[in-house]
Amino acid sequence: MNLEDELRAVLSQEAEMRATPTPDIEGMVSGGEDRLRRRNGTRIGLAAAAVLLIGGGIYGATQLGDDQVDSSPDVVGQPSEPAEAAAPPSWTDFDQGSADPGTYRIHVGTTDAGEVIEADLTIDGSNWQASNHPVARVDEDFAGIGVYRPGAVAGGCRMQAGHKPAAAGQQQLAAQLAAMPGSTVVERPTPTEAFGHSAIHGAVKVDAFCDGTTEGNAYLVAEDRGISYFDSPPGRALRTVRVDFWVVDVDGTNVVVDMFHTGSAPEDLIAQADRARESITFVTE
Amino acid sequence: MTTEQDFVDFVAARWQSLYRLAYLLTASPTAAEDMLQTTLEKAYVSWARISRMEHPEAYVRRMLANAVVSSSRRAWLREVLSDPMPEAAGESVEVGVVDRSLLWPLVCALPVRQRAVIVLRYYEDLTEVQIAEVLGCAPGTVKSQASAAMKALRRALAASGVGEAMES
């Protein structure tokens, strides 16, 4: 028997052996009703905004369709989901493909209270490639942006340093990022305002090239957030990557925005990434 | 029949099958229950639309798989993609005696997206293109994820002594 057949057998066996809990159908219906109420609230708000904008003569700029103005509260059974459709497309839908200019929504994480944090980001130009998070590339150079809530940080090359649990404090987390393995501080962490929130900004340069060809050999900035060249042997200039980071206080939760680019990245590529970074707005539930 | 009653009937009839898929995708009984509960809440919101589909269960199963993978996505960055890896499904690697109680923990240890690809391929019997649609990524990504997963499984099996009986 080959491995594929073994997998078919073991997956079926494991699924059938698993005791199935009783479904909480009442909870599903009530949770679904809650979601409907929240959605209708959003739609009513959108409709109100549309009315105001019509008054101002710039209705077209809202790009609201007729179906988005319907504020009927009883929408179970309604065929479309206008309010959700009004949100930007999810970035994850474009994983590893080329990405068209536009605004995308990125899942960032959740607050300690379980509220979802997302970020809207707008990219322009033609160099963008989706790679879980946006990366703009010109030849071998790249500039990328990440927005995430880190669980652990600073694993360094090939995880030799091991991840450290992300500090709870904003300054402490910034200090951890400024002291990543193999890094040199370019800008010391400094309090600032960014993305409409209080933040700490810092910048480092790291030698991010790690021998090896697998994801496990990447330079890890944070848990599941890494810089990997895979098996493209980069030149010396490409080994050095500048990482700018902002530790942002989003409603009491530390979120990291980082932007990095190769040492030899052309200025217009960096500017392109800068514009995308500056467009970031956070969305909470 | 009301929309709500139709939804309740659907869940009552398909809960076990959906839970099994959720369990394989999450590799955790509690995470499976949580993820399935949330997915069905979302399905309820659009139930009238979903119930009119030709295969409502298939749609919900895809919602579930997508939710599991999306919830685990973090900010991994791949600036430079490697060359496409060989098609794993096309390889026919003979395995000696595989203790199935050993294989499932190895599947559980795979990264979420790799595990999802394996489950969708070998439990749901989806094609690469269908898996790509479910996970919202390119077929090439599915191919590389499948290849990486199979490679990891073979490596782990080899380390457990099954490897002597395997062809590379």
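Predicted model: local features only at pLDDT ≥ 70, side-chain atom pairs only at ≥ 80, totals over all residues.
In chain B, residues 24 or more positions apart account for 72% of the contacts with a separation of 6 or more, where a contact means heavy atoms within 4.5 Å. Residues are numbered from 1 along each chain as its sequence is written, chains are lettered from A and ligands numbered from 1 in the order in which they are written, and side-chain values use heavy atoms, leaving out hydrogens and water.

**Chain B: helices**

- Chain B has eight helices and zero strands; helices (H or I, at least four residues) and strands (E, at least two) are DSSP runs, numbered from the N terminus.
- Read from the N terminus on, the elements of chain B go α-α-α-α-α-α-α-α.
- Two packed helices are described by the angle between their axes and the distance between the axes.
- For helix α6 (residues 112–122) and helix α7 (residues 128–135) of chain B, the angle is about 130° and the axes lie 10 Å apart.
- Axes here are lines fitted to C-alpha atoms, for helices over the stretch in contact, and angles run from 0 to 180 degrees between N-to-C directions.
- α6(B) and α7(B) are therefore oblique to each other, given that angles under 35 degrees count as roughly parallel, over 145 as roughly antiparallel, 65 to 115 as roughly perpendicular and the rest as oblique.
- On the α6(B) side, the contact is made by B:Val117, B:Leu120 and B:Arg121, and on the α7(B) side by B:Ile131, B:Val134 and B:Leu135.
- The residues of this contact divide into five nonpolar, no polar and one charged; Ala, Val, Leu, Ile, Met, Phe, Trp, Tyr, Cys and Pro count as nonpolar, Asp, Glu, Lys and Arg as charged, and the others, Gly among them, as polar.

**Chain A: the three-stranded sheet**

- An open sheet of three strands in chain A has the order β1-β2-β14, with antiparallel pairing; two strands pair if DSSP finds at least two bridges between them.
- β1 (102–110) and β14 (281–284) of chain A are at the edges with a single partner strand each, so one side of each has no neighbour in the sheet.
- Direction ignored, neighbouring strands of this sheet are turned by 30° against each other on average.
- β1(A) is joined to β2 (residues 116–123) of chain A by eight bridges. Opposite A:Thr110 stands A:Val116 of β2(A), and opposite A:Ile106 stands A:Ala119 of β2(A).
- The hairpin of β1(A) and β2(A) has five residues between the strands, and A:Gly114 in this hairpin takes a positive phi near 90°.

**Chain A: the four-stranded sheet**

- Four strands of chain A form another open sheet, in the order β7-β6-β10-β11 and with antiparallel pairing.
- β7 (164–165) and β11 (225–227) of chain A are the edge strands, each with a single partner, so one side of each is left without a neighbour in the sheet.
- Two bridges connect β6 (residues 152–157) of chain A with β7(A), and A:Ala152 has A:Pro165 in β7(A) as its bridge partner.
- Helix α4 (residues 170–178) of chain A packs on this sheet and touches β6, β7 and β10 of chain A; the direction of α4 makes about 5° with that of β6(A).

**Chain A: a cysteine in a loop**

- A:Cys210 is in the loop between β9 (197–207) and β10 (219–222) of chain A, and counts as buried at 5% relative accessibility.
- A:Cys157 is 53 residues from A:Cys210 along the chain, and their C-alpha atoms are separated by 5.7 Å.

Technical notes: Buried < 20%, exposed > 50% of the residue type's maximum accessible area, 1.4 Å probe, protein only.
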